[in-house]
Amino acid sequence: MGAGDKIRLLIVDDIPETRENLKKLLFFENDIEVVGTAGSGTEAIELAHKLQPDVILMDINMPDIDGITTIERIAKDLPHIQFIMMSVQGETDYLRRSMLAGAREFLVKPFTAEELCSSIRRVYSLAQQRPAPPPPPTTVSETPAPPFPGTPQVPEAAPSGGGRRAQLICAFGAKGGVGTSTLLVNTAIALRHHHAHARIVIVDCDLQFGDVGVMLNMETTHSLADVASSIDEIDAQFLENLMVTHTSGVKALLAPPSPADAELVTAEVLKRVFTLLRPHFDYILVDTRTSLNETVLTILDEADTILLIITTEIPAIKNAKMFFEVAEQLGYPEAKVKLVLNKYDPRDGIGVDAIQGSIRHPILVTVSDDARLTRNAVNQGIPFVTSHQRAQIAQEVMRLANTLQSAQQPAEQAGQPDPSARPGASQEPQKPKGKPSLFGRLFGR
Ligand SMILES: Nc1ncnc2c1ncn2[C@@H]1O[C@H](COP(=O)(O)OP(=O)(O)OP(=O)(O)O)[C@@H](O)[C@H]1O
Ligand SMILES: [Mg+2]
């Protein structure tokens, strides 16, 4: 930070009014100082050298040199400067190019003072944590995995001293085929729609038949199997390099390509993965297969929130009841498991109240039955929350994401990530420890 312990900011925008408004937005921030404003790319390059700001807020469209080129030119000589790109709606195609040029964040106008300030602070603090640029990702993906806004390249070491800690949300089907993967993938994208800077990673722990890659139309030669084969050497950067990045900015660590490799991904491997990912993401969304083995149990233990997916089918309802009994035996706090009713069609004649009464737990969100839309979405590899935002099913999943996001907000807003503030996390010490087998965990006390 510059003199006076403030983040020194240079604002670049060709419209004088915008520059003034941005200055006003930041006027009352004690830790941010606008050290200069520039009305063109040329002026920005000149002022960047002269003023040596910590962060530059850059408009993308400018008459002489565009924002992307300006960033490239400044970053070449002044690599310590952090860039935040601003655009208006409809210019988000530039996102990738901006990120490749060196921008760490991407703000779509209009944005709030809060969004602006948190972006500035985030890029600044990331720069403090990152002593040297990490190696380029080796991931093969639909998009070439640049650093995304809010999904930074992970530093070598976990940030110390109060870094964020992801909320781990796991989706567990009360029965196979209830739509667990569909809901998980769409929820991840919906979270990103809600909160453009959220750092989100999906970990596909349906280890034998993971569908996340297909559902998001992403391919990679890397998977969790690579983690298993290098367990002693992995760090956060290693994991980053195994991830594939969706166009939305959501990242994914995919299941092994062959079912035969599933057993390599042990409970120990997953624990290590979650530990390494937690400080670098806001949300870790984990897909699972319906089964209660040691690996799945480890995921459930690690989760802050378990989305227990049911349908109106009797076996699913029966299993959900059993699941709540297991959760109680495992010492999970009641609020940790949230019921989501999927494929709901009121014409089936089974009311939501009847289901809640039978399971004796409230349903968090009900998602409508829409076979055609979900089928098309999967076949096209485009989540329905993106392709059909107005569809009822998309709105319902958005609501689910909203609920999950609200659950995390208090710690974020306070600026003091507090692990004990996470749902369920305060009860972590209650978790039974040291009983290795599932049977022992459930019945051995
Ligand atoms: N709300 C919905 N309405 C109608 N069909 C749905 C809905 N959600 C999911 N489906 C469909 O249900 C089928 C199973 O979905 P999905 O693969 O997501 O379930 P799953 O529980 O993850 O299955 P598995 O146990 O195989 O992992 C798919 O054909 C999917 O399109
Ligand atoms: Mg599935």
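Mentor: Let me start with the contacts: residues 24 or more positions apart account for 76% of the contacts in the protein chain with a separation of 6 or more, where contact means heavy atoms within 4.5 Å.
Trainee: What should I know about the model and its numbering?
Mentor: This is a predicted model, so local features need pLDDT of at least 70 and side-chain atom pairs count only at pLDDT 80 or more, while totals for chains, interfaces and linings use all residues. Residues are numbered from 1 along each chain as its sequence is written, chains are lettered from A and ligands numbered from 1 in the order in which they are written, and side-chain values use heavy atoms, with hydrogens and water left out.
Trainee: How many helices and strands does the protein chain have?
Mentor: There are 17 helices and 13 strands, taken as DSSP runs numbered from the N terminus (H or I, at least four residues, for helices; E, at least two, for strands).
Trainee: What is the strand order in the open sheet?
Mentor: The order is β2-β1-β3-β4-β5, five strands with parallel pairing; two strands pair if DSSP finds at least two bridges between them. At the edges are β2 (32-38) and β5 (103-109), each pairing on one side only.
Trainee: How many bridges join β1 to β2?
Mentor: Six, with β1 covering residues 7-12. Ile7 stands opposite Ile32 in β2.
Trainee: Switching topic, which residues come nearest to ligand 1?
Mentor: Of the 19 residues around ligand 1, Ser181, Thr182, Asn342, Ser368 and Asp370 come nearest; a residue counts as near if one of its heavy atoms lies within 4 Å.
Trainee: And which polar backbone atom is 2.8 Å from a nitrogen atom of the ligand?
Mentor: That one belongs to Asp370. Another nitrogen contact goes to the side chain of Asp369, with an N or O atom at 3.3 Å.
Trainee: Which elements give two or more residues to the shell around ligand 1?
Mentor: Those are α6 (180-194), β12 (337-344) and α14 (371-380).
Trainee: Last one: why is α11 largely enclosed by the rest of the structure?
Mentor: Because eight of the nine residues of α11 (residues 294-302) are buried, meaning under 20% relative accessible area with a 1.4 Å probe, protein chains only. Among them are Val296, Leu297 and Ile299.

Terms used: Buried < 20%, exposed > 50% of the residue type's maximum accessible area, 1.4 Å probe, protein only. Polar contact = N/O pair within 3.5 Å; in protein donor to acceptor, adjacent residues only side chain to side chain.
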